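Subject: Structure handover and notes

Hello,

Please find the structure below, followed by my notes on it.

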Amino acid sequence: MALTLSLGLSSLGASALGGGAAPVTPAPVPSAPISTAPISTAPVSTAPISTGPVTRPTLVGYAEMKADTFAQGPASGAWNGGLRGEARFSGQPVQGFSGVQRDPQGQGFVFLSDNGFGAKNNSADYLLRLYRVALTPGTPAAQAGRVQVGSFIGLRDPDRKVPWQIVNEASPERLLTGADFDVEGFAFAPDGTLWVGDEFGPFLLHFSADGRLLEAPISTPNLAGLPTLRGQAPIVIGHRGSSGTRPEHTLEAYRVAIEAGADFIEPDLVVTKDGVLVARHEPVIAVVDKDGKVLEATADVAARPEFGDRLTTKTLDGVTVRGYFVEDFTLAELKTLRAVERLPALRGKAYDGQFEIPTLSEVIALVRDMEAKTGRKVGIYPETKHPVYMNEVAKFNTSQLLIDTLVKEKFTDPARVFIQSFEVGNLKDLKQNIMPGAGVNLPLVQLVSSPDEAPYDWTAAGDKRKYDALTTDAALREIATYASGVGPYKRWIIDAEGRTTDFVARAHAAGLLVHPWTFRNEATYLLPGYRNDPEAEMRQAFQAGVDGLFTDFPATGAKVAGQYAAPEVRSPQHPAFAQGVSSAVANLPGSGGFEGFTIAPGGKVAYGLLEKAVAGDPAGQLRLMRYDLGTRQWTLAGRYALEQGGEAIGDLTPVSDSQLLVIERDGGQGQTARLKRLYLIDLGAKNADGTFKKTLVADLMALADPRGLAPSTRNGVFSFPYVTIENVLVLSPDTLLVVNDNNYPATGGRGADVKDQTEFLWIKLPTALKLAPGVARN
Ligand code: G3P
Ligand code: CA
């Protein structure tokens, strides 16, 4: 039976009795103006359930509210995908419950309606409300249960506390809608005010007892506890600029990298005949075979007949190379060349022939120019290429040239320069002689290549050791005597099987920053486990604790790093995105906010449990945020680990100040539902990985119902196969109330053609919970 509900003390609506499918025709509702009547003190009641002990979680009471249950209010359901059409319903749907508490003014319950019709862009005419509901459980004695919906609290913002535009912006009452907030849990504080957890921010919302917003929405800080060396935000280094999208080591590649959000840009440095440092990855700028075919090039020199006499063969770090070498060109000659794409088969040639080879001084000038344009500080991360070769063949100490250039250009802020090298001796020379001589002290980074390679200065000196000799604990401590960090080949961090190694932890233990290389978007560079998702590789590196990474695609790096180190946790529905805030970063999946929200029995702290994992957190680990209602400080209480097959949490309710019950669920419904469970967590009991220990309290897919209280029970077993189950409340030490969110007007829980109803379960537990005083007050 459809319901007609009205407001006020004496107007409790009709009941919805158990059993049967709901009619599909919307109920007629009065067209009375909307009101925000406080929850009344009408004498509703919740009948006590008497039953003997049980040996497994058992259904001891049951009731239903039909799907089409409406309250007074404006017609609704007109929005679909952001487009407004005809209203589908002539009133406001009551159902879609996302939170439950005892009625502080009566003996019944208060239920929070979810944000409407499933999405922000469908719910602008769904008014956010809490409904007073009296429940009478169906029992063998009482037969069918009874659900009576009473008055409601309308959530509203007449005092304009919300600092962005809301749906009902101009109306005096400023009633809040499902397009403004996605309300998923609530609790009453000891002072009688109402706290609500939201998913769009996610925000905490603080209302008076009658639903008036008291303060601006409270944002959720990103308290990740970054596993970097000092907890600092990791940096993104534009490897050879944005070399994935522009020819490497050009001012354009560097400019694009900075625009994309790179914190540092990386010029590899070689030297010209006249002693000027220029940005090239190698001294050889075109490698040709014996027939004159270009094998690899970063400049168009092979097509310049005027430089034909420079084609030569040299030994570069023990390798015979035929080609054109920078040290055989004056800067003026080099400036007549144009850069070409080094990997044309992969990255195309669209930008060939457009850009010069830049000097280090020009790179610094670009950084200054971009800083002025963007307002961001940007650093440079120069690498002196092949120091032994440069000394012996090009006849320049490029380490000295580098320091001389930085001093001349007045670019010596140690927060904006890292100097890196694959060799060891030149870094020690920089630390011990060159930098002190110049009066500067810039951080150095020891590059560590793959274990089959060796620092060439070692090889040249007859030392047979390879790079793995730089990765022992003792070697890392030795590196820390001259360098601030290590720049390892990324397989030192994540091995070829995709496993995170202990390298970062060991380097951090030696006090070293870790900046691995090279992260690239193209599938050919990604392990299969990343399924062509370069962000997944970066996330794993950030989770491993790296302090930064080199990437050819700094836009991707900046996006992932931004999610990881953003000051706030934000969903894609956060209002900052609608406002076009350019720095806004979404680091939480949609519908991943405070699905669980409650206030501990002591009344001093609130807990919000995110429904999904924040970007950068281990997969399947959900943050439990603690909010001190007195000091207004957030802390991270810990992480809740989902089960294998668990996809989200549905609600959170206290057992005591240290124990909470959590609904965990998968995304299935009806025949596809597998995991719908209640777990108990203790805030003081954690696993080795820091997640809360969990105790299974009830499997909602297999509750005993020996007396057949629910119409769906088969063979004495009751299943609760709804996609979302969003309400749990402790009624007594061994009795819980559990209710689904029927996502009105969804179907599928009890059949493809059956509109989901709201089902109320009284569940008796075989073992009593240790309740804090006041948790179950009736
Ligand atoms: O310098 C570290 C990173 O750039 C990787 O080396 O060969 O690209 O200069 P490479
Ligand atoms: Ca480099």
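L112 has L130 in strand β8 as its bridge partner. The strands β7 (residues 109-113) and β8 run antiparallel and are joined by four bridges. Here strands (E, at least two residues) and helices (H or I, at least four residues) are DSSP runs numbered from the N terminus, and two strands pair if DSSP finds at least two bridges between them. β8 also pairs with strand β9 (residues 146-154), in the antiparallel sense and over seven bridges. In that pairing V133 stands opposite V149 of β9. Strand β8 itself covers residues 129-136, and seven of its eight residues are buried. Buried means under 20% relative accessible area, exposed means over 50%, and partly exposed is in between (1.4 Å probe, protein chains only).

Two notes on conventions. This is a predicted model, in which local features need pLDDT of at least 70 and side-chain atom pairs count only at pLDDT 80 or more, while totals for chains, interfaces and linings use all residues. Residues are numbered from 1 along each chain as its sequence is written, chains are lettered from A and ligands numbered from 1 in the order in which they are written, and side-chain values use heavy atoms, with hydrogens and water left out.

The chain as a whole

The protein chain has 778 residues, and 59% of them count as buried. Its secondary structure comes to 13 helices and 40 strands. Taken along the principal axes, the C-alpha atoms fill a box of roughly 100 × 50 × 50 Å. Among contacts (heavy atoms within 4.5 Å) with a separation of 6 or more, 63% are between residues 24 or more positions apart. The accessible surface is about 28900 Å², and 52% of it belongs to carbon and sulfur atoms; areas come from the Shrake-Rupley method with a 1.4 Å probe, and for residues only the protein chains shown count as cover.

The cores

A nonpolar core is a set of buried Ala, Val, Leu, Ile, Met, Phe, Trp, Tyr and Cys residues joined through side-chain atoms within 4.5 Å. The largest has 91 residues, and those with the most contacts inside it are I380, I403, L406, I419 and V486. Helix α4 (residues 360-374) gives the most to this core, with six residues. What does V486 touch, leaving aside its neighbours within four places in sequence? V486 is in contact with residues including V445, V448, L476, I479, F503 and L512, and also with Q446 and H515.

Backbone exceptions

Most residues other than glycine have a negative phi, and most peptide bonds are trans. The peptide bond from G201 to P202 is cis, with omega near 0°, and P202 is in the loop between β11 (194-198) and β12 (204-207). The bond from Y744 to P745 is also cis, again with omega near 0°. P745 lies in the loop between β39 (735-740) and β40 (758-764), and N743 lies in the loop between β39 and β40 as well. N743 is not a glycine, yet has a positive phi of about 45°; at 29% relative accessibility, N743 counts as partly exposed. N715 has a positive phi too, near 55°, and is found in the loop between β36 (703-704) and β37 (717-718). With a relative accessible area of 81%, N715 is exposed.

Regards
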